Structures are given as structure tokens and as C-alpha cells.
Amino acid sequence: MALYALGDLHLSFQTDKSMDRFGAVWKHHEQKIETQAGRLIRPEDTLVLTGDHSWGRKMEECREDLAFIERLPGRKILLRGNHDMFWDAAKTDRLNAEFAGRLFFLQNNFAAYEDYALVGTKGYTFEGPFYLDRRGRILGWDEEREKQARKLVDREIRRLRESFAAARKAGYRKYIMFLHYPPTNILEQTSPFTEIAEEYGAEAVVYSHCHGEARFGDSIRGMFHGVRYMLVSGDYLDFCPARVK
Ligand SMILES: [Fe+2]
Ligand SMILES: [Fe+2]
């Protein structure tokens, strides 16, 4: 058994939002996903997809994208990304009922992997605007937007705590935590998300959302305060699922 993760598939089988204009790495990226997942993942393995699955705005515009994900090998667990408009967090149970045995939607719940609980939520972090000087050093930022961001962080923290609490109540003591957004913004060393990961002793925090060379280093990668941080954005990994466990 193995645990893999990959984020930001940005599929568009039913929309005309091609990702090709974002660079060569996105050319035929769905074929890369299919080939590399097919090569790596066995039926008994688990693949966590960390959000931004589809460009479709409503479920009816996402059906083919979700069917593509369903056809990938292994058990598939999905996390919400900022682009996943088809997924109302409050109606996750409905999605889980509809896709039972095919896809699992991780939100205010958890999934078991061996003796680990896979927990998570979309997360949130302030992404600017930042005001820079000529050398690219940060001089300030939009404080109103930053205040707004803090409210969204609070909501996501509540959702993450719900996920951890459900796992703990079920008897789990080992955790792997998934976020769509990076756990910290470019100003932060730590955040409420890193603190919760440490509080629960999560073994790893896996996230995506960061696209393009300039953004890959926005948050923590590698070991920090005893927790392993992994960036699994599709374009960062050239769409090859990363082994988490
Ligand atoms: Fe994305
Ligand atoms: Fe995103």
C-alpha cells in the first residue's frame, strides 16, 4: 500500500479554459497525469488530490473531469480548492453519497489510511497585494484585504479542527494533514495551520495551489518543527503524483 498526492489538475474537459497558455508544463497535462498515475499507482494505493480539480462552475460542467479522476488507479480522495465551485462545503455529505465507492470528498470528516487519519481542509492565506520596492523587497500590503483574509483563515481553522476531532474521536492518533492553500503566506514563519499540525503531531502537511517557478517557494517545504511539508502542485511535480507514505 502507498499514499500519493497531487494537486491542481485544473481539468477542463467540458469548458474551453485550456491551461496551455500557462507554459509548456501544462501542454497535454491530463495525458501526463493519466500516464504517470497509471505507471505508479496500484489498485490498493490511495491518491489524494489537493483541490482545483475542475474549471467547471457547476456540477454539470464537471462531470467529465470527475469521471477522468475516477478512472485513475487506486482510491481517490478529493480536497476542495478555491476553484472548485461545484462543491458546496456544507453539502459534502451529499457528494459522498452520490460518489460512494468511487470518490471520497474530504471536508469536516477524515479518511483512514492504515493507522493514519487523513485530515484536511482548503485552508486560506493572504496572497496580497504586497507593495514592493525596486529591488522586490516588501514595503507593505493591502491591510484591508489582509483583515478579510484573517476571517477566512478562522473559518478554515474551524473546519480543520472538525476534521481532526472526528479522527481523534474515532481513535486515530497518527495524522497526515492536507491543505489546498499553502500553510503560511510569504510574510509568515508560522500560522494557525502550522500550529495545529504541531499540536496534533501531524507527520506531514501536504498542500498545493502555488503555480509557476516564482510561487513554488511561497511557503514551507521540507522539515519544520518536526513536521514534513510537501508541495504537490501539478505543475511543480510535472504532474507526477508524489509519494507521501
Ligand atoms: Fe490551482
Ligand atoms: Fe488554488
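## Close-up views of a predicted model

**Figure 1. Strand 2 is part of the cover over helix 1.** In this predicted model, what covers the buried residues of helix 1 includes strand 2, residues 46-49. The residues of helix 1 that count as buried are His 29, Ile 33 and Ala 37. They lie on the same side of helix 1, because they cover an arc of only 65° around the axis. The face turned away from this buried side carries the exposed residues Gln 31, Gly 38 and Arg 39.

**Figure 2. Helix 1 from end to end.** Helix 1 runs over residues 29-40 and has 12 residues. From its first C-alpha to its last, helix 1 reaches 16 Å, close to the 16 Å expected at 1.5 Å a residue.

**Figure 3. The largest nonpolar core has 59 residues.** Among its members, those with the most contacts inside the core are Val 48, Leu 106, Leu 118, Tyr 175, Met 177 and Val 206. Strand 9, residues 174-179, gives the largest share of this core, with five residues.

**Figure 4. Val 48 and the residues it touches.** Val 48 is one of the residues with the most contacts inside the largest nonpolar core. Leaving aside residues up to four places away in sequence, Val 48 touches Ala 5, Ile 77, Leu 79, Leu 118, Phe 178 and Val 206. Leu 118 and Val 206 are also listed among the core residues with the most contacts.

**Figure 5. Gly 217 sits in a loop between two strands.** The loop joins the stretch between strand 10 (204-207) and strand 11 (222-224). Gly 217 is exposed, because 11 other C-beta atoms lie within 10 Å, and a residue counts as exposed at 12 or fewer. The C-alpha atoms of Gly 217 and Ile 186 are separated by 8.6 Å, although these residues are 31 residues apart along the chain.

**Figure 6. The whole chain, for orientation.** The protein chain has five helices and 13 strands. Its C-alpha atoms fill a box of roughly 50 × 45 × 30 Å, taken along the principal axes. For 245 residues, a compact globule would have a radius of gyration near 18 Å, and the 17 Å of the protein chain agrees with this. Buried residues make up 41% of the 245 residues. Of the contacts with a separation of 6 or more, 78% are between residues 24 or more positions apart.

Notes
Residues are numbered from 1 along each chain as its sequence is written. Chains are lettered from A and ligands numbered from 1 in the order in which they are written. This is a predicted model: local features need pLDDT of at least 70, side-chain atom pairs count only at pLDDT 80 or more; totals for chains, interfaces and linings use all residues. A nonpolar core is a set of buried Ala, Val, Leu, Ile, Met, Phe, Trp, Tyr and Cys residues joined through C-beta atoms within 7 Å. A residue is buried if 20 or more other C-beta atoms lie within 10 Å of its own, exposed if 12 or fewer, and partly exposed in between; C-beta atoms are placed from the backbone. Helices (H or I, at least four residues) and strands (E, at least two) are DSSP runs, numbered from the N terminus. Two residues are in contact if their C-beta atoms, placed from the backbone, lie within 7 Å. The radius of gyration is taken over C-alpha atoms; the globule rule is 2.2 Å times the number of residues to the power 0.38. The expected span of a helix is 1.5 Å times one less than its number of residues. The arc is that of the directions from the helix axis to the C-beta atoms.
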